[in-house]
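Me: I would like to learn how to read pockets and charged pairs in a protein structure. Could you take me through them slowly?

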Amino acid sequence: MELTVRSHHTRTSDGFEERARKKLARLERVLPRTDSAVIEVEHEETKAPGQRYAVHVTVKAGAVTLRVSERGADPLEALEVAADVLTQQARREKERLDAAHHPHPRDGRPAKEIVAERLNAPPPEPSAD
């Protein structure tokens with residue numbers, strides 16, 4: 001996965017990119033076609049010290065684009081929360097894609113059982129009309 005880190009009005013620590021790479025590697029297990037990720041870190045002067053850093057993450061995985069923005073007292077804290085939210089989004093997207101491509105039958109049985117049953121069923125007898 002190609003990772004790009006951009007910072008606005010601040011500098012990121014040396015370990016930030018490595019930490020981000022480890023956190024976002026979890027996404028590749030859920031969405032294996034993860035192509036690129038862009039992380040933008042901003043520092044803003046706010047009254048609330050716990051909201052000073054904003055981390056925006058955009059991940060492209062094939063035709064899927066996931067985006068999240070989180071705030072925190074420092075960039076690593078915001079990255080942790082953003083990575084957790086991205087993982088939840090990726091799981092939901094994978095479930096949606098699986099449901100679209102592999103619809104489950106209405107009776108609750110796995111599709112493999114239904115296909116096996118249909119393959120093992122005797123052929124229908126021709127009608128004598």
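Me: How do the residues lining the largest pocket divide into nonpolar, polar and charged?

Reply: In such a count, Ala, Val, Leu, Ile, Met, Phe, Trp, Tyr, Cys and Pro are nonpolar, Asp, Glu, Lys and Arg are charged, and the others, Gly among them, are polar. Here the lining of the largest pocket divides into 7 nonpolar, 3 polar and 3 charged residues. Please keep in mind that this is a predicted model, in which local features need pLDDT of at least 70 and side-chain atom pairs count only at pLDDT 80 or more, while totals for chains, interfaces and linings use all residues. Residues are numbered from 1 along each chain as its sequence is written, and side-chain values use heavy atoms, with hydrogens and water left out.

Me: Which residues lie nearest the centre of the largest pocket?

Reply: A pocket is an open set of points on a 1 Å grid over the protein atoms alone, where a 1.4 Å probe fits, with protein on both sides within 12 Å along at least five of seven lines, and its lining residues have an atom within 4 Å of a point. Of the 13 residues lining the largest pocket, L31, R33, A61, V64 and L97 lie nearest its centre. The helix α2 gives the most to this lining, with 4 residues, where helices are DSSP runs of H or I of at least four residues and strands are runs of E of at least two, numbered from the N terminus.

Me: How many salt bridges does a search of the whole structure find?

Reply: Side chains of opposite charge can pair when their charged atoms come close. A salt bridge is a side-chain nitrogen of Lys or Arg within 4 Å of a carboxyl oxygen of Asp or Glu, and the search finds 8 of them. One of these joins R26 to D84, with the closest N and O atoms 3.1 Å apart. Because R26 lies in helix α1 and D84 in helix α2 (residues 75–101), the pair ties together parts that are 58 residues apart in sequence.

Me: How exposed are R26 and D84?

Reply: Buried means under 20% relative accessible area, exposed over 50%, and partly exposed in between, with a 1.4 Å probe and protein chains only. R26, at 24% relative accessibility, is partly exposed, and D84, at 37%, is partly exposed.

Me: What does R71 form with E44?

Reply: R71 forms a salt bridge with E44, and their closest N and O atoms are 2.8 Å apart. Since R71 belongs to strand β4 (residues 64–72) and E44 to the loop between β2 (34–43) and β3 (53–61), this pair ties together parts that are 27 residues apart in sequence.
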